[in-house]
Amino acid sequence: MDKELESIQKFYDVIIEFFVNYSFQLIGAIIIFLLGWYVANKVSAFVKKICDKNELDVTLTKFVVNIIKFSIIIGVAIVAVGKLGITLTPFIAGIGAASLGAGLALQGTLSNYGAGLSIIIGRPFIVGNTISVDGVFGVVEEIRLTHTILSTEDAEQITIPNKHIIGEILVNSFEYRIVESVVGIDYNSKPEEAISLIENILNQFDAEVISKEAKAQVGIKEFGDFSINIELRYWAHTKHFFETQYKVNLAIFNALKENNINIPFPTYNIKK
């Protein structure tokens with residue numbers, strides 16, 4: 001029992017001695033860190049306002065704000081630790097050695113970070129754009145350092161590691177995606193009439209569904225064995241891509257039928 005009390009007393013004496021000798025340094029370090037944290041928040045908020053005022057991209061704004069904030073916090077933390085009389089040179093050297101080993105072990109992850117930084121700075125696309133890459137497409141919802149998140153018309157989320165975006169063939173169609181479709185009409189029909197009907201149908205859709213800036217294209221694509229093939233190309237909003245395509249096809253079918261324009265089907269004469 002006496003030994004336990006003696007151990008507690010020694011521990012108590014060490015704590016008291018530490019606070020007597022380092023209390024002012026500790027209080028000073030805490031005050032420096034809290035002031036640094038406050039300044040970092042104020043400066044980052046000020047930078048964000050400037051970026052928003054100049055309508056800078058959301059992703060780039062977040063990146064710049066976070067870099068400035070954490071740079072200030074890290075600098076203040078180094079000053080605060082130095083206030084306690086702790087030298088950081090051995091610690092920094094240890095971090096450097098550990099970073100080398102971690103870098104070799106995490107090459108894939110680090111390549112994602114490098115690619116993410118390239119995307120944020122180079123800005124081949126921004127939040128809200130429609131991109132097609134690596135066999136998938138969707139609307140960009142968020143760009144992070146390690147990956148990019150896309151959303152589809154079916155409310156699916158697609159997460160693409162950034163290293164699979166940089167260096168690949170990337171198609172950025174902004175808010176829309178092109179629809180290419182073909183409908184065949186009978187050789188006895190007038191193609192001018194069919195083209196006019198299709199153009200009128202496409203013009204009936206709102207600009208939020210089918211783009212009015214990129215004009216729809218309708219014309220004869222080829223002369224088939226059984227039909228005159230008319231191609232239509234228009235830009236549908238990515239969030240309603242398939243829905244729009246189905247509605248347009250149904251409207252075209254009904255319009256052609258109402259105007260007695262036949263959609264032929266292959267016929268063959270089989271000789272016995």
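A residue counts as buried when its relative accessible area is under 20%, as exposed over 50%, and as partly exposed in between (1.4 Å probe, protein chains only). Helices (H or I, at least four residues) and strands (E, at least two) are DSSP runs, numbered from the N terminus. Seven of its ten residues are buried, so E8 is largely enclosed by the rest of the structure.

This is a predicted model: local features need pLDDT of at least 70, side-chain atom pairs count only at pLDDT 80 or more, and totals for chains, interfaces and linings use all residues. Residues are numbered from 1 along each chain as its sequence is written, and side-chain values use heavy atoms, without hydrogens or water.

Now look at the sheet around E8. Three strands make an open, antiparallel sheet in the order E6-E8-E7. Two strands pair if DSSP finds at least two bridges between them. Strands E6 (176–185) and E7 (217–223) are the edges, and each pairs on one side only. From one strand to the next, the twist averages 25°.

Take the E7 side. Six bridges join E7 to E8 (residues 228–237). A hairpin of four residues links the two strands. Ile220 has Ile230 as its bridge partner in E8, and Gly219 stands opposite Glu231. On the E6 side, ten bridges hold the antiparallel pairing with E8. There, Val179 is partnered by Tyr234.

In a regular strand the side chains alternate between the two faces of the sheet.

Next come the helices. Axes are lines fitted to C-alpha atoms, for helices over the stretch in contact, and angles run from 0 to 180 degrees between N-to-C directions. Contact means heavy atoms within 4.5 Å. Helix H5 (residues 191–203) packs on the sheet and touches E6, E7 and E8. Its direction makes about 145° with that of E7. Helix H6 (residues 241–258) also packs on the sheet, touching E6 and E8.

The largest one has 23 residues. Ile198, Ile230, Leu232, Tyr234, Val248 and Leu256 have the most contacts inside it. E6, H5, E8 and H6 each give two or more residues. H5 supplies the largest share, six residues.

A second, separate core has 13 residues, including Phe63 and Val133.

Methods: A nonpolar core is a set of buried Ala, Val, Leu, Ile, Met, Phe, Trp, Tyr and Cys residues joined through side-chain atoms within 4.5 Å.
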